[in-house]
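Please keep the sequence and the structure in view while reading.

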Amino acid sequence: MKMMKIGFIGGGKMAQAMAKGFIAAGLSKADNMIASCHPSDHLSAEAFESLGAQCISKNVPVVEKSDIVFVSVKPSVVPIALSDVKDVSNGKLFLSIAMGVTIAQLEKRLSAEARVVRVMPNTPAIIRKGCSVFVRGTKATDKDVSITQTLLRAVGSCEEVPETLMDPVTAVSGSGPAYVYLMIEALADGGVKMGLPRDLAYRLASQTVLGAGGMVRETETHPAKLKDDVTSPAGSTAAGLHHLEQSGFRASVIGAVEAATRRCVEIATKSD
């Protein structure tokens, strides 16, 4: 397979995760990658350079040297970053992972010949267990979609969705790892409280979450049914679930997704 020339406008954690995933999957080599980072962002620069990739402070060379360009800066920086590269964006495929920035907002800041795909990945891409969705732009071709799918499937799962779903998608899968990490930490803390060594508690909690997610995916069984299968009458699981319900666990998670979705909408409005 021909190595892809991939650029990143912005070299933060998500860009680093995807770069490492693409290298691990054999889709690109470090010397075919280039990223732009703010001069003060020494950690991101060091992360890309440690991979063997080039990291610079200017955006234009990133686009000039790449066939595929990830827009991976903060949403508030997208207008400035794209205005920098508009004149060199002809014929390029831009994959934007900027939260809340719409296809229309991206396309109006690039040349008429630039193609755009909006992507929402998540950080487990670094271990090729990511969960990504994408929306094709008005000028994106079937080949562009195929390239996008190849890249995203190399680092996890990939699904195409209508743009109207991107904000709740971001709240569930984009932000979701943070919620799960909090759950793992809390589950382990509970184990420590009841006498488990901390390293054992973290191993048990993380593997439990991994296994439970795998059960939902691989058996295609409703989570409620799987929950019932674990819950014996008058047993310890039933007691634990009762406490979670009393504490508003379910409502808290639903509220977190709602709050994150509303924040995405706010960011999109500010980016107009």
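## Packing of α7 and α8

In this predicted model, α7 and helix α8 (residues 176-193) pack with their axes 5 Å apart and at an angle of about 30 degrees. Because angles under 35 degrees count as roughly parallel, α7 is described as roughly parallel to α8.

On the α7 side, the residues that meet α8 are Ala171, Val172, Ser173 and Gly174, and their partners in α8 are Gly176, Pro177 and Tyr179. Sorted by class, the residues of the contact of α7 with α8 comprise four nonpolar and three polar, with no charged residue among them.

## Packing of α1 and α2

From α1, the contact draws on Ala15, Gln16, Ala19, Lys20 and Ile23, while α2 supplies Ser44, Ala47, Phe48 and Leu51. In the contact of α1 with α2, six residues are nonpolar, two are polar and one is charged.

## The second largest pocket

The second largest pocket holds about 780 Å³ of space. Its lining consists of 31 residues, and those that lie nearest the centre of the pocket are Gly10, Ser72, Val73, Lys74 and Pro75.

By class, the lining of the second largest pocket divides into 14 nonpolar, 14 polar and three charged residues.

## Confidence in the model

Across the chain the average pLDDT is 94, and 99% of the residues score at least 70. Confidence is highest in strand β5 (residues 93-96), at 98, and lowest in helix α1 (residues 13-24), where the mean is 90.

Methods:
Residues numbered from 1 in each chain as written. Predicted model: local features only at pLDDT ≥ 70, side-chain atom pairs only at ≥ 80, totals over all residues. Heavy atoms only, no water. 1 Å grid on protein atoms, 1.4 Å probe; cavity = no way out; pocket = protein on both sides within 12 Å on 5 of 7 lines; lining within 4 Å. Points joined across faces, edges and corners; volume = space filled by probe spheres on them. Nonpolar A, V, L, I, M, F, W, Y, C, P; charged D, E, K, R; others polar. pLDDT = per-residue confidence, 0-100. Helix = DSSP H or I, 4+ residues; strand = E, 2+ residues; numbered from the N terminus. Axes fitted to C-alpha atoms, helices over the stretch in contact; angles between N-to-C directions. Parallel < 35°, antiparallel > 145°, perpendicular 65-115°, else oblique. Contact = heavy atoms within 4.5 Å.
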